[in-house]
Amino acid sequence: MKVDRVTLRHMALPLKHAFETSASRDTENHFIIVEAEAGGVVGYGEAVADFAPLYSEETIGTCWHVLAEFLIPQLFEKEFSHPSEVTGWHKPIRRNKMAKSGLEGALWDLWCKANGQPLARALGGTKERIEVGVSVGIDDIPTTLHNIEDFLAEGYRRIKVKIKPGHDVRLISAIRERFGDIPLMADANSAYTLADLALLKQLDEFKLLMVEQPLAHDDIIDHAKLQRELQTPICLDESIHSPEDARKALELGSCRIINIKVGRVGGLQEAKELHDLCQAHGVPVWCGGMLESGIGRAHNIAITSLPNFLIPGDTSPSERYWVEDIIEPAVTMSPDGTIRVPDGPGIGYEPVLDRFPKYTLRTETFRR
Ligand code: OSB
Ligand code: MG
């Protein structure tokens, strides 16, 4: 395939409810939609960087720069017979994983549509439905308990709460007291250090499924020290950018579970390789989220259909985030807490182009 045209759109969708972590607070979500066309067929991807470099160093601005100046010009010199080849082109360009992933995702969708294949199947997915969890942002304890009650009633199969110093043991204890033995985990987004060891050890009492990224965003050494001291499994998010990172973390014993975000690891091909590596080591994975629009969400659903995604992920339905999503149909969850993997070609959802303009802040089209 030869891509003739790429259009980038910087979009911002207002969130129904503000989302707060130990690192940031968002009332709208920014992302770049990548549209790639070849021979009249169009595919879509999403670069999941935030507006500010608070989760990772990538931003809307860095993604736009790297796509416009490097990744798209490179694409216009290439042809591919399968989207798994794209990772190889991207290798010489260092990091910038979310920019790469946005483009690579669009090429997978494009290729799948041209070949009449559902993305999930093209990736080797085996599930017909995926299990859904929810990531609950930071709020006061009574509000958080109230929200969890609603989420459990809606059918979510796993609750994740965000923690930070001063908002941890009391919160978890209150949740256990109120809701008993529900599948519960906590995500610290790097808010602690080894100096907090005694406090982190107190979490063991609550039998969490895992604690996600307690220590620095770029660390695997201290996490290994911490994991030796904790009964609770550590799950890494921010620290893992590639299958190689995962291999090293597993060798060191830095975690027992890995959160795979397609954007953080550079695309679907690397996400699949990371999945396969973890499967070979008997390490379960789950799919993380970046508050994606329906387009990125559809990619997440497809990758989650692979068999070693053994734990409910953060891919909640559209209505958890948006008054109006930019795809049709919206992503919906059944009362049993699952989402059906679509079986139409490509990502299996249609972008609603006439909703795009009101959420678009900047557009640029590139041609071969
Ligand atoms: O750490 O997993 C995270 C959202 C933005 C940035 C980082 C994270 C998150 C979430 C929300 O936890 C996941 C989602 O619902 O998309
Ligand atoms: Mg996380």
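Start by selecting His17, Ala18, Asn147, Phe151 and Arg320: of the 17 residues that line the second largest pocket, these lie nearest its centre. A pocket here is an open set of points on a 1 Å grid over the protein atoms alone, with protein on both sides within 12 Å along at least five of seven lines, and lining residues have an atom within 4 Å of a point. The 1.4 Å probe fits at points of a cavity too, but there it cannot get out.

Before going on, a word about what is on your screen: this is a predicted model, in which local features need pLDDT of at least 70 and side-chain atom pairs count only at pLDDT 80 or more, while totals for chains, interfaces and linings use all residues. Residues are numbered from 1 along each chain as its sequence is written, chains are lettered from A and ligands numbered from 1 in the order in which they are written, and side-chain values use heavy atoms, with hydrogens and water left out.

**Stop 1: around the second largest pocket**

This pocket holds about 360 Å³ of space, a volume being the space filled by probe spheres set on the points, which are joined across faces, edges and corners. β1 gives the largest share, five residues. (Helices, H or I with at least four residues, and strands, E with at least two, are DSSP runs numbered from the N terminus.) Now colour domain 1 (5-116 + 353-367) and domain 2 (121-340): both give residues to this lining, so the pocket lies between them. The domain bounds come from an automatic or database domain assignment.

**Stop 2: follow β1 into its strand partners**

Two strands count as paired if DSSP finds at least two bridges between them. Click on Thr7 and then on Glu35, its bridge partner in β2. β1 is also joined to β15 (residues 360-367), antiparallel, by seven bridges; there, His10 has Arg362 as its bridge partner.

Next, step from β2 to β3 (residues 41-47), an antiparallel neighbour joined to β2 by seven bridges. Ile33 stands opposite Glu46 in β3. In the hairpin of these strands, β2 and β3, with two residues between them, find Gly39, which takes a positive phi near 50°. Is β3 enclosed or open? Five of its seven residues are buried (under 20% relative accessible area, with exposed over 50% and partly exposed in between, for a 1.4 Å probe and protein chains only), so β3 is largely enclosed by the rest of the structure.

**Stop 3: the largest pocket**

Select Tyr55, Asn189, Asp237, Glu238 and Lys261, the closest to the centre among the 36 lining residues of the largest pocket. Its volume is about 530 Å³. Domain 1 and domain 2 both contribute to the lining, so this pocket too lies between them.

**Stop 4: the magnesium ion**

Which residues coordinate the magnesium ion (ligand 2)? Show Asp187 (OD), Glu212 (OE) and Asp237 (OD), at 2.1 to 2.3 Å. Donors are N, O and S atoms within 2.8 Å of the metal (3.2 Å for Na, K and Ca), and sites may look incomplete because water is not among the atoms. Finish by clicking on Glu212, which counts as buried at 0% relative accessibility, and on Asp237, also buried at 0%.
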